[in-house]
Amino acid sequence: MNVPGSESLAYEVAAPAPVPTFPLDQWYVAALGWQLTDKPVGRTLLNKPVVLFRTPDGQVAALEDRCCHRALPLSNGTLDERGLRCGYHGLLFNGDGKCIEIPGQDKIPSKAKVPAYHVKERDQIVWIWFGSSEHPEPNCEPPAYEVHSSGKYIFDGDVYHYDAPYQLIHDNLMDLSHLGYVHLRTIGGNASIHMNAEMKVESDDRTVTVTRYMPGSVPPPTYVAAYPFKDRVDRWQEIEFHVSHLRIWTGAVDANTESLSNPDRGGFHMRGFHGVTPETETTSHYFWTIATNPQSDHEAIKAKVVEQTALTFEEDKVIIEAQYQNMCRFGTPPMIDIHVDVGANRARKIIEQLRHCAR
Amino acid sequence: MNVPGSESLAYEVAAPAPVPTFPLDQWYVAALGWQLTDKPVGRTLLNKPVVLFRTPDGQVAALEDRCCHRALPLSNGTLDERGLRCGYHGLLFNGDGKCIEIPGQDKIPSKAKVPAYHVKERDQIVWIWFGSSEHPEPNCEPPAYEVHSSGKYIFDGDVYHYDAPYQLIHDNLMDLSHLGYVHLRTIGGNASIHMNAEMKVESDDRTVTVTRYMPGSVPPPTYVAAYPFKDRVDRWQEIEFHVSHLRIWTGAVDANTESLSNPDRGGFHMRGFHGVTPETETTSHYFWTIATNPQSDHEAIKAKVVEQTALTFEEDKVIIEAQYQNMCRFGTPPMIDIHVDVGANRARKIIEQLRHCAR
Amino acid sequence: MNVPGSESLAYEVAAPAPVPTFPLDQWYVAALGWQLTDKPVGRTLLNKPVVLFRTPDGQVAALEDRCCHRALPLSNGTLDERGLRCGYHGLLFNGDGKCIEIPGQDKIPSKAKVPAYHVKERDQIVWIWFGSSEHPEPNCEPPAYEVHSSGKYIFDGDVYHYDAPYQLIHDNLMDLSHLGYVHLRTIGGNASIHMNAEMKVESDDRTVTVTRYMPGSVPPPTYVAAYPFKDRVDRWQEIEFHVSHLRIWTGAVDANTESLSNPDRGGFHMRGFHGVTPETETTSHYFWTIATNPQSDHEAIKAKVVEQTALTFEEDKVIIEAQYQNMCRFGTPPMIDIHVDVGANRARKIIEQLRHCAR
């Protein structure tokens, strides 16, 4: 408080958020590029309420989502030709968080500012860095994602909110064997082929890859809708886990026509980008894009693939949120592991180690 | 945790449920028989999340509602020709809770199982026994209810969820004098006749009966709709309280035509079964059936009686939930008792004594 | 408990409400006169659940909203020709809280009563006095409000519920500079004229007045809709803060035609009454009326002014609730003050001093 008489501006408030328990020295997805247009976007990321917006020159900016005057979320404000203007009394902030106008007042006190965060847009993904006390400044560039910029694919995406901790989403994405039970209507296909597929898991201290080939499969509904397969197909699933996101490259060629391990393979491709950003310890943002390579009817098939992918992820959301609610009901009795859990468990080990260095 | 590396599968969870404070050595209603068909049913009973289903031979089964692999509620799964299959990775369980298939894996670890509960179906009511540490196994058969099986009545029923503790439902059912204020549209009738009716209360250490006769009453709307009464009627209400359920036999004959105390009396009958099963300390399941004996237009009159009974119980639900919310707002200031509370207070004494032996 | 056997009527209840932290020796608005008709109204005021109703002679009455028998809110009951009857078992109470009938029971125990509160209706506003331990009885008459009774104005109003503490509503009303940002569609007008207007603030130990004149303004949409202004207007805003309510007199005359400081000025008037009554520490009731003086089309213009005022207050509600939610998220970091906060800060000082004498 810098003005006598305002001491009483203290309300009954929620307890302060606990110390973060996330890996902090990472670029996390804050938004998909096309989500930031003519309005500011408020979003809590790693327990921090953030307002995201574009400055007049089109650059992305991220500030603490709280006006320094009377605490209105700046995301309730508006964008004008000079920056982000608070929706209550009109204070104007630039992309660095500096107040550059207080309507009706000549002097702007030096305390009139809000904290700014490091954000960068790359390949249509907006990344944010919070950093630990050791690395408050980013120590690397945000990841490239050429699928969005190479011109070989067409794509779209969205963000879903999960009432579940982020690692349950990792678990789900690291083990695609659930396709045969959860996603029968879209990309699932035959459950026993999924469950019995040969699986290769490799990892280092930051990444895990899971590769599965399923030759001779019946193509599932989404594949048939999007591509003129002749009959049976050879399917591949390649999952790359990174601390803040996953890349999943799946697809199929007509059976016995190509080597699945050749990255230049033809056929039908679905390349998924999955940004899993904790909102809080118990809730998450799930940013996804799906890119594909239709041979004809580009827009129609892209729309179909996106629609079916959205449907698929909604099925996952139902399962994962039910799973988390049940974990809350039951506490922490033991769980048994089965063969498909290897990849997910390695990803958990990586998070476990990085989380220890959080401030 | 039985696999190294899965230690981090611990989430922030709700505090463990408090020690149960219900009478435990009782058969409680878990379901009405016709509610268990081709899908598993998840329901929390006495603080325990349970999945109810029929095994391939049509028997009822009840398991802990949590897959031992990744904790998804088994009630999110499906029934197939061999048992209950989890909706995430397809583990298959039989009615004893034993895992009998892990898709894609030959060996089934001995720990792959979930706890099973004692359930029995009798007269179209599905009963469950949790038991105290003294009686983990049932020490009696579940109650018979011949009204459902004698062929003398036609009936239907439903289950309602209450945001109120189970004993407030007991209170309501033990004192039907509220009919004159709460249920004017259906079974109520004249308030002062209800309030002034002669009432007889008898009890032992497990049951309470309340009997009221109301000769010379104007028949209420539901009665008139269902039966060709000539004018005034002699009404009876017989309430039997048991620890986990109540039986309420009400009805009427044309005034001055029969002795009301004769169990073979004619006239119009409504026989209610009321299974009051705690969900938690503060919420309840209310299972009810209503049986009647129309002289003609059987299905039409049964439908009317069921519809009006449902309406009546919805009126009770509004009152009881408002009452409980008010108790939460006000804490526990004194209450005064009036003449109609005798039966309900005896029922509370029975519960109070049995609750002490809960584990 | 005054009857053996009812000891077990204790439920798990919410923690008792904390000691009130409001100024208590005040008349607060409990209702607008026309809100009390043929049904009892339940409303929590300063943490106390109250039922408001009219007795058979048309006087207003306020009782604790809890039947002394089984704790049903009396606001679930009905009004009859003798008083307020409980909706469960029919106990009847008069305006003093005395039980005057227990259906079916001759003797009425002396404990059969509920606490009554001091209420008075004046100028179509219903005021309630809770009082501190020093002043349990009112030490003054409730405020007059002649705008409602003088015949010079026509008016209407409503009550809004806020998920925000009452002092945030004071802040909002004490500083009308937000009109230029929040209320552009109705009474806002040019933001920089609002922000740069000359402002005079005066106060004593119970009231604060803020006066602003804005000569040469473009009349905002609501003004133009209601009055035949020729072109530019001279606007005034006069805000009177009292501990439990505010009076805001705004209006405009054609530019350069009259002295704005003359209380008999002509032109278009909007006279707002704003009763801000805490529901709890963190929620509020906002009672408002708006009175105006159309030159023609009286009912049509009143309807328009009321409609636009309602819209304006809904805009405030969005901002104030967002502000409070953000305060809860962020805790209590410092706030900076700007030039327009002088009046609001003085009002906070008055509340701060009176709150200390609360019991």
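The predictor gives the complex an ipTM of 0.88 and a pTM of 0.89.

**Conventions**
- Residues are numbered from 1 along each chain as its sequence is written, and chains are lettered from A in the order in which they are written. Local features need pLDDT of at least 70, side-chain atom pairs count only at pLDDT 80 or more, totals for chains, interfaces and linings use all residues, and side-chain values use heavy atoms, without hydrogens and water.

**Confidence**
- Residues 1-19 of chain A have pLDDT below 50. Beyond near neighbours in sequence, this stretch still has 38 contacts in the model (heavy atoms within 4.5 Å).
- Where pLDDT is low, predicted coordinates should not be read in detail.

**Sheet in chain B**
- Six strands form an open sheet in the order β1-β10-β9-β4-β3-β2, with antiparallel pairing. Strands are DSSP runs (E, at least two residues), numbered from the N terminus; two of them pair if DSSP finds at least two bridges between them.
- The edge strands of chain B are β1 (27-32) and β2 (41-45), each pairing on one side only.
- Neighbouring strands are turned by 35° against each other on average, direction ignored. The axes are lines fitted to C-alpha atoms.
- In chain B, β4 (residues 60-64) and β9 (residues 116-122) pair in the antiparallel sense over two bridges. A62(B) stands opposite Y117(B) in β9(B).

**Interface of chains B and A**
- Contacts join 37 residues of chain B to 38 residues of chain A.
- The buried area is about 3400 Å² (accessible area, 1.4 Å probe, lost on being put together and summed over both parts). Carbon and sulfur atoms give 60% of that area.
- Three salt bridges cross this interface (side-chain nitrogen of Lys or Arg within 4 Å of a carboxyl oxygen of Asp or Glu). One salt bridge joins D337(A) to R70(B), with the closest N and O atoms 2.7 Å apart.

**Interface of chains C and A**
- Here 39 residues of chain C contact 37 residues of chain A.
- About 3500 Å² is buried, and carbon and sulfur atoms give 60% of it.
- Three salt bridges are counted between chain C and chain A. D341(C) and R70(A) form a salt bridge at 3.5 Å, N to O.

Technical notes: pLDDT is the predictor's confidence in each residue, from 0 to 100. Helices (H or I, at least four residues) and strands (E, at least two) are DSSP runs, numbered from the N terminus. Axes are lines fitted to C-alpha atoms, for helices over the stretch in contact, and angles run from 0 to 180 degrees between N-to-C directions. Buried area is the accessible area (1.4 Å probe) that two parts lose on being put together, summed over both.
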